Amino acid sequence: MSGVGLNLIAVDPARFRAWAPRAVAEQQGIWNALTRGEFVADSAAARRLGLVLGSEYQVDGGPRLRAAASAGFGLPGVDGIVGEETGRRLGLLPGVTLLVHSSEKAAGVLRTRVGRLLGPGSQVVAVGGSRTAKPTLRPTTGGTAGKTGIGRVRQATVGRPASYLELYRKAAGVCPGLSWTVLAAIGQVESSHGRNNGPSSAGAQGPMQFMPATWKAYGVDGDGDGVADIWNPYDAVPGAANYLCANGAGRGGKKLEKAIWFYNHSWSYVAKVMGISRGYAAAYP
């Protein structure tokens, strides 16, 4: 920008969020900004470049980017984060990043071993969450009341994927440890992936067949439009992930089965969902 080179990485917000430092991960505005195609600067880079949050900057020979926020991601040498679509518009080169959780005590040994495994040309860095700067956001205007009458709309950004398959994959990131195949199985059982949205005879609504009271407690705004809409798949699918996660689905095993049981109080339903989930895992490895 203005002749100054920036090192940016493009990420899928729903997946990358689970790896961000907790203080950053909890700032929903950051993930909304990335989904909208905006730029989140590293805190140190924002200070170095004198960026004014909320302002737009012209990329030399490229698009204009709004500097929506600054945050300490703990990624050495990275000046900022953009979403995948913005990365394509900027012409960022495809690459692979491997992120590994470990304790701080094990970081040194892990860095050596991972570097040996990946071979020459790889770069191994420690990403620390404890020393990162507090996120700073530039607010954007938008509604906060959903169609269900919720006073404050919870958000879990997944954007607007072009297919249910990709939507299930992205929404699973709302609940680390939850397989997208479980969401897909529930979506198939409940509405055949949006083909039969109800309302059911019991009053369940939308592609994931939420009861309105349950939706009021667990529904989310998944596409960042300021509305948590029970009928909107971009809200309903991550809402289902949110509800499953609240009941322990991310821990797998018996906890996952119990979370599915809470979704529909029937063990035969649980068995059916798990069977379909295994089928999806085999068909889409």
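**Labels and their grounds**

Q: Why is Leu98 called exposed?
A: Leu98 has a relative accessible area of 56%, and exposed means over 50%, buried under 20% and partly exposed in between (1.4 Å probe, protein chains only). Leu98 therefore counts as exposed. Leu98 sits in the loop between α5 (84-90) and α6 (107-118); helices (H or I, at least four residues) and strands (E, at least two) are DSSP runs, numbered from the N terminus. From Leu98 to Leu118 the separation is 20 residues in sequence and 9.9 Å in space, C-alpha to C-alpha.

Q: What kind of model is this, and how are residues numbered?
A: The model is predicted: local features need pLDDT of at least 70 and side-chain atom pairs pLDDT 80 or more, while totals for chains, interfaces and linings use all residues. Numbering starts from 1 along each chain as its sequence is written, and side-chain values use heavy atoms, with hydrogens and water left out.

Q: How many helices and strands does the chain have, and what share of its residues is buried?
A: There are 12 helices and 6 strands. Of the 285 residues in the chain, 43% are buried. Taking contacts (heavy atoms within 4.5 Å) between residues at least 6 apart in sequence, 64% join residues at least 24 apart.

Q: How do you know that Cys175 and Cys245 form a disulfide?
A: Their sulfur atoms are 2.3 Å apart, and a disulfide is a pair of cysteine sulfur atoms within 2.5 Å. The pair therefore meets the definition. A search of the whole structure finds 1 disulfide. The link of Cys175 and Cys245 is right-handed, with 80° about the S-S bond.

Q: What makes this a link between distant parts of the chain?
A: Cys175 belongs to the loop between α7 and α8, Cys245 to helix α10 (residues 233-246), and the two are 70 residues apart. Cys175, with a relative accessible area of 0%, is buried. Cys245 has 30%, so Cys245 is partly exposed.

Q: Why is α7 called oblique to α8?
A: The axes of α7 (residues 164-172) and α8 (residues 180-191) come within 8 Å and cross at roughly 130°. That angle makes α7 oblique to α8, since under 35 degrees is roughly parallel, over 145 roughly antiparallel, 65 to 115 roughly perpendicular and the rest oblique. The axes are lines fitted to C-alpha atoms over the stretch in contact, with angles from 0 to 180 degrees between N-to-C directions. The crossing of α7 and α8 is right-handed (near helix turned clockwise from the far one by less than a right angle; left-handed if anticlockwise).

Q: Which residues make the contact of α7 with α8, and how do they divide by class?
A: Leu165, Tyr168, Arg169, Ala171 and Ala172 of α7 meet Trp180, Leu183, Ala184, Gly187 and Gln188 of α8. They divide into 7 nonpolar, 2 polar and 1 charged (nonpolar: Ala, Val, Leu, Ile, Met, Phe, Trp, Tyr, Cys and Pro; charged: Asp, Glu, Lys and Arg; polar: the others, Gly among them). In α7, the buried residues are Leu167, Tyr168, Lys170, Ala171 and Ala172, and these pack against α1 (13-16), α5, α8 and α10.

Q: Which residues of α11 are buried, and what covers them?
A: Leu256, Ala259, Ile260, Trp261 and Tyr263 are the buried residues of α11 (residues 253-263). Their cover includes α8, α10 and α12 (267-283).
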